[in-house]
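Please look over the sequence and the model shown here before reading on.

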Amino acid sequence: MNFVNLHLHTMWSVLDAVIKPNELGDKLLEYGQDTCAVTDHGSVGAWYDINDAFSERGIKPIFGCEFYCRDSYNGEKSKERKHLICLAKNQQGLYNIRKLNKIANDNFYYKPIMSYETLWDNCDGLVITSACSLGSVAQEILNNNYNKAEDLAIKFKDKIDDYYLELQMHPDYHDQAKVNEQVIKISENTGIDTVVTSDSHFINVEDTYVRNIIEAIGYHQKIEDVYQSLKSNSLGNCDKISQWALESGFQHDDILKKSFDNTVKVGKLCNAKLEEPEVRIPVFNRYKELGTLFDEDWWC
């Protein structure tokens, strides 16, 4: 089976992940993977580093972001937020992720936040996946609101054709088994396809301790009190994920295979390319008082 990582965090997910672009590129070559997404939390800061690291190794990058969303946003100070993944299919998608990232960071309250309505207004050129157990569909499942979870998935699919439900194999996180079973049920009832992801935050299982340290720093807690990293948050490949599925008691080999295949399908859909970096400075009016800016053509 082939597999494309569609949900992965680099060190640009600050105080959350420890993956370095060059080390990631080397590991992908070791695994024989020629395509990989980067989906940092509320950040596109890794894009150019990833682009450079991957181009040197003949790996195709998929540019994405994991956003924090809520039903509406009116400036209220609330920590309510759900996760979702956006991946750029083309240049329009690349532009829209940057635009959404700017809007979300303008609404920063503990995390960069945007409303689903803002997402729908700027979803051209995007593939969207349902993210982890903190995504909106998974949260309704964990709250025993199956019908609402299914309605949400249908709403997402109505808004965007390329919407996928994520299956994750986390043997150490028992709630994930409940999410997976209900996600499969939603997929069967609605026809919405699934993809399998490992939600990678570090490359090797041995890196869990390092990740726990930075989590403890981020949450101002002792390391023994912070949520302990899952070994299945390491960089996944077919063999690893299949083993994690077995350890999780996942019984659906046919669905797992299709979900692997769908990651490759999404990988082929996403072909956005970064433009060459350039210096952009304000245009100054030389005929007026020094420092006065043109009203139009602000940027060169």
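**Briefing on the predicted model**

Leu 8 is placed in the segment before helix 1 (21-31), in a structure that is a predicted model. Leu 8 counts as buried because its relative accessible area is 0%, under the cut-off of 20%.

**Surroundings of Leu 8**
- Leaving aside residues up to four places away in sequence, Leu 8 touches Ile 19, Leu 24, Cys 36, Ala 37, Val 38, Thr 39, Asp 40, Ser 200 and Leu 235.
- Although Leu 8 and His 201 are 193 residues apart in sequence, their C-alpha atoms are 6.3 Å apart in space.

**Strand 1**
- Strand 1 (residues 35-38) is covered on both faces, with Thr 35 and Ala 37 buried on one side and Cys 36 and Val 38 buried on the other.
- In a regular strand, side chains alternate between the two faces of the sheet.
- Strand 1 pairs with strand 2 (residues 60-70) in the parallel sense over 4 bridges, and Val 38 stands opposite Phe 63 in strand 2.

**Surface patch**
- Val 14, Leu 15, Tyr 209, Ile 213 and Ile 217 make a nonpolar surface patch of about 490 Å².
- Ile 213, which lies in helix 8 (residues 208-219), is partly exposed, with a relative accessible area of 34%.

**Confidence**
- The mean pLDDT of the protein is 91, and 92% of its residues reach 70 or more.
- Over residues 293-300 the pLDDT is below 50, and this stretch has 19 contacts in the model beyond near neighbours in sequence.

Definitions and conventions: Residues are numbered from 1 along each chain as its sequence is written. This is a predicted model: local features need pLDDT of at least 70, side-chain atom pairs count only at pLDDT 80 or more; totals for chains, interfaces and linings use all residues. Side-chain values use heavy atoms; hydrogens and water are left out. pLDDT is the predictor's confidence in each residue, from 0 to 100. Contact means heavy atoms within 4.5 Å. Patches are made of residues with over 30% relative accessible area and no salt bridge: like charges are joined within 9 Å, nonpolar side chains (Val, Leu, Ile, Met, Phe, Trp, Tyr) within 5 Å. Accessible areas come from the Shrake-Rupley method with a 1.4 Å probe; for residues, only the protein chains shown count as cover. A salt bridge is a side-chain nitrogen of Lys or Arg within 4 Å of a carboxyl oxygen of Asp or Glu. Helices (H or I, at least four residues) and strands (E, at least two) are DSSP runs, numbered from the N terminus. Buried means under 20% relative accessible area, exposed over 50%, partly exposed in between (1.4 Å probe, protein chains only). Two strands pair if DSSP finds at least two bridges between them.
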